[in-house]
Amino acid sequence: MVSKMGALEHSKINEKTEMPYYKPIGNEVELFERAFRHQLPVLIKGPTGCGKTRFVTYMAAQLNRPLYTVACHDDLTAADLVGRHLIGHESTYWSDGPLTRAVRDGAICYLDEVVEARKDTTVVLHPLTDDRRILPIERTNERLQAPPEFMLVVSYNPGYQNLLKGMKPSTRQRFVALRFNYPTPSVEQEILIGETDIDENLAQRLVNLTNALRQLKDHDIEEAASTRLLIYAATLIKHGFDPVEACRAALVEPLTDDMETVEALMEVVLATFGTRQQITEKINPK
Ligand SMILES: Nc1ncnc2c1ncn2[C@@H]1O[C@H](COP(=O)(O)OP(=O)(O)OP(=O)(O)O)[C@@H](O)[C@H]1O
Ligand SMILES: [Mg+2]
């Protein structure tokens with residue numbers, strides 16, 4: 001799946017700045033700006049829902065560059081990125097892929113979950129991500145020199161990788177790498193308020209609850225509750241849904257299919273948001 005966006009689409013827009021809302025966690029904004037200025041490709045790794053995509057959207061808007069996002073999957077080939085000949089009415093014609101378009105336009109090309117892509121993509125990524133900065137298009141005999149404004153950004157979730165899917169050192173060592181993680185409670189609280197406008201007290205309780213849930217490691221939980229899920233829970237509660245049921249739907253059920261694990265997590269939820277009646281029902285089920 002490929003999408004081209006003016007970087008402002010799909011994100012909550014900060015009304016004061018007209019930028020996508022993004023709360024920096026560390027030095028990532030400065031690092032990305034410098035990488036852009038000095039034409040260095042960037043790799044972002046981190047768990048699901050921690051802000052990777054939002055960050056890239058925000059940076060594209062900050063730097064005023066168009067953003068081409070490619071959601072990589074295990075069938076994605078070099079031709080999907082570079083382009084191919086298509087059959088027209090009378091003859092075939094060349095159609096640029098998103099990577100080629102991004103190079104021609106001096107845009108930011110963002111390859112999401114890059115480790116999923118087929119290995120033949122490295123053939124086109126390598127000359128583009130070292131000091132040559134060229135995109136060879138074999139089929140048309142072109143060699144595009146990337147303009148200074150072109151930038152390649154890739155991301156992946158280290159948790160999903162298996163040995164076969166890991167990136168080769170010769171690929172990963174072509175990037176400046178940033179590690180993302182879930183933010184500290186006070187920053188996550190601020191993000192939650194920034195995204196949903198819930199009050200501070202509710203934000204604090206939700207963040208504390210999420211952190212308590214994150215502590216509960218279970219073999220059945222592949223990855224802890226993300227900032228994204230926290231925002232879902234806050235959105236449901238803000239619009240009047242019962243807090244315990246909102247947390248079940250947003251912070252518990254998406255993590256696991258195992259009923260025992262769900263019950264264990266729900267005990268933590270009840271301790272934070274349970275009404276007397278809900279707690280009594282839990283102790284003495286009908
Ligand atoms: N630092 C942040 N500032 C503002 N919003 C954030 C931040 N971090 C996370 N979010 C919120 O969390 C949601 C999920 O973030 P995002 O979609 O960027 O995650 P991701 O890391 O790309 O996840 P995935 O690997 O699943 O694609 C965003 O829609 C946004 O609401
Ligand atoms: Mg993403």
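Where is the place of Asn141, in the loop between which two strands? Asn141 sits in the loop between strand S9 (134-137) and strand S10 (142-145). Strands here (E, at least two residues) and helices (H or I, at least four) are DSSP runs, numbered from the N terminus.

## What you're looking at

This is a predicted model, in which local features need pLDDT of at least 70 and side-chain atom pairs count only at pLDDT 80 or more, while totals for chains, interfaces and linings use all residues. Residues are numbered from 1 along each chain as its sequence is written, and chains are lettered from A and ligands numbered from 1 in the order in which they are written.

The protein has 12 helices and 12 strands. Its C-alpha atoms fill a box of roughly 75 × 40 × 40 Å along the principal axes. Of its 286 residues, 35% are buried. A residue is buried if 20 or more other C-beta atoms lie within 10 Å of its own, exposed if 12 or fewer, and partly exposed in between, with C-beta atoms placed from the backbone.

## Two domains

The protein splits into domain 1 (2-179) and domain 2 (185-283); such bounds come from an automatic or database domain assignment. Their C-alpha centres lie 33 Å apart. Where the two touch, domain 1 puts in 10 residues and domain 2 puts in 11 residues. Contact means that the C-beta atoms of two residues, placed from the backbone, lie within 7 Å.

On the domain 1 side, the touching residues are four nonpolar, four polar and two charged. In this sorting, Ala, Val, Leu, Ile, Met, Phe, Trp, Tyr, Cys and Pro count as nonpolar, Asp, Glu, Lys and Arg as charged, and the others, Gly among them, as polar.

## Around ligand 1

Ligand 1 is surrounded by 18 residues, the closest being Thr48, Gly51, Lys52, Thr53 and Arg54. To be near the ligand, a residue needs its C-beta atom, placed from the backbone, within 6 Å of it. The shell is made of six nonpolar, seven polar and five charged residues.

Helix H2, helix H7 (185-196) and helix H9 (227-238) each give at least two residues to this shell. Why does ligand 1 lie between domain 1 and domain 2? Because both domains give residues to the shell around ligand 1.

## The cores

Now for the inside. A nonpolar core is a set of buried Ala, Val, Leu, Ile, Met, Phe, Trp, Tyr and Cys residues joined through C-beta atoms within 7 Å. The largest one has 44 residues, and Ile108, Cys109 and Val153 touch the most other members. Helix H2 (residues 52-62) gives this core its largest share, six residues. Apart from that core lies another, of 26 residues, including Ala225, Val244, Val252 and Phe273.

Take Ile108: leaving out residues up to four places away in sequence, Ile108 touches Ala60, Arg65, Leu67, Ala102, Met151 and Val153. In soluble globular proteins, nonpolar side chains tend to be buried together.

## Helix H11

Helix H11 (residues 259-273) has 15 residues and spans 20 Å from its first C-alpha to its last, close to the 21 Å expected at 1.5 Å a residue. That expected span is 1.5 Å times one less than the number of residues. Leu265, Met266, Val269 and Phe273 are the buried residues of H11, and their cover includes helix H8 (200-215) and helix H10 (243-252).

## A few residues to look up

Back to Asn141, which has a positive phi of about 60 degrees although it is not a glycine. Asn141 counts as exposed because it has 7 C-beta neighbours inside 10 Å. Glu113, also not a glycine, has a positive phi near 55 degrees, and lies in the loop between strand S8 (108-112) and helix H5 (121-128). With 19 C-beta neighbours inside 10 Å, Glu113 counts as partly exposed.

Gly83 is part of strand S6 (residues 83-87) and is buried, with 20 other C-beta atoms within 10 Å. Setting aside neighbours within four places in sequence, Gly83 is in contact with Trp94, Ser95, Asp96, Gly97, Thr100 and Ile137. Gly83 and Pro98 are 15 residues apart in sequence and 7.6 Å apart in space, C-alpha to C-alpha.
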